[in-house]
Amino acid sequence: ALHDFSGQLGEQRVHFHAMRLRDSLFLWVGAAPALASLAVAMCSPRDSIPVAASLLGDPSDTASSCLAQRLGRCGRGGCGRGVRGNGAGRPGRDRAGPASKTKKQIFVSYNLQNTDSNFTLLIENRIKEEMTAFPEKF
């Protein structure tokens, strides 16, 4: 299933393209057509934090791998900060929100110049809104 959506985040218009595959999810984030980076994250049976790897682009640019890791959350942790979502701060609740329920391998291509943590949190929250509104697309 293919799903395109966009959002005005701060002063920037951001476009999203989600492609749900059998056992994985491909998510492209950007303002213009480009594929400058690609990362993958997947759950590991030995850790509650998904394993993430950069597949394409500058390995020192961690925006794609961090976003993939946070969206593919198996439990706590990931790239230096927790995810705010449903049930945040309440024990026994899934704090990662709807994305953690996919339990899929996630490929992310983040193609924006702005990698500020506040901006990437807006990106992450916009994705989670869409996942909540259209779970069948993810």
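Which pattern does the chain follow, read along the sequence? The pattern is β-β-β-β-β-α-β-α.

**Figure 1. The whole chain, a predicted model.** The chain has two helices and six strands. Helices (H or I, at least four residues) and strands (E, at least two) are DSSP runs, numbered from the N terminus. Of the 138 residues, 42% count as buried; buried means under 20% relative accessible area, exposed over 50%, and partly exposed in between (1.4 Å probe, protein chains only). Among contacts (heavy atoms within 4.5 Å) with a separation of 6 or more, 57% join residues 24 or more positions apart. The accessible surface comes to about 7,400 Å². Carbon and sulfur atoms hold 52% of that surface. Areas come from the Shrake-Rupley method with a 1.4 Å probe; for residues, only the protein chains shown count as cover.

Residues are numbered from 1 along each chain as its sequence is written. In this predicted model, local features need pLDDT of at least 70 and side-chain atom pairs count only at pLDDT 80 or more, while totals for chains, interfaces and linings use all residues; side-chain values use heavy atoms, with hydrogens and water left out.

**Figure 2. A nonpolar patch on the surface.** Leu35, Leu55 and Leu56 form this patch. Together they have about 270 Å² of accessible area. Leu55 lies in strand E5, residues 47-56. Patches are made of residues with over 30% relative accessible area and no salt bridge; like charges are joined within 9 Å, and nonpolar side chains (Val, Leu, Ile, Met, Phe, Trp, Tyr) within 5 Å.

**Figure 3. Lys128 and Glu124 in helix H2.** The whole structure has four salt bridges. A salt bridge is a side-chain nitrogen of Lys or Arg within 4 Å of a carboxyl oxygen of Asp or Glu. Lys128 and Glu124 form one, at 3.3 Å from N to O. Both residues lie in helix H2 (residues 117-133). They are four residues apart, about one turn of the helix.

**Figure 4. Arg126 and its salt bridges with Glu129 and Glu130.** Side chains of opposite charge can pair when their charged atoms come close. The closest N and O atoms of Glu129 and Arg126 are 3.8 Å apart. About one helical turn separates these two, because they are three residues apart in helix H2. Arg126 also meets Glu130, at 2.7 Å from N to O. Here too the separation is about one helical turn, because Arg126 and Glu130 are four residues apart in helix H2. Both Arg126 and Glu130 are buried. Elsewhere, salt bridges that share partners join Arg70, Glu124 and Lys128 into one network. Arg126 has a relative accessible area of 15%.
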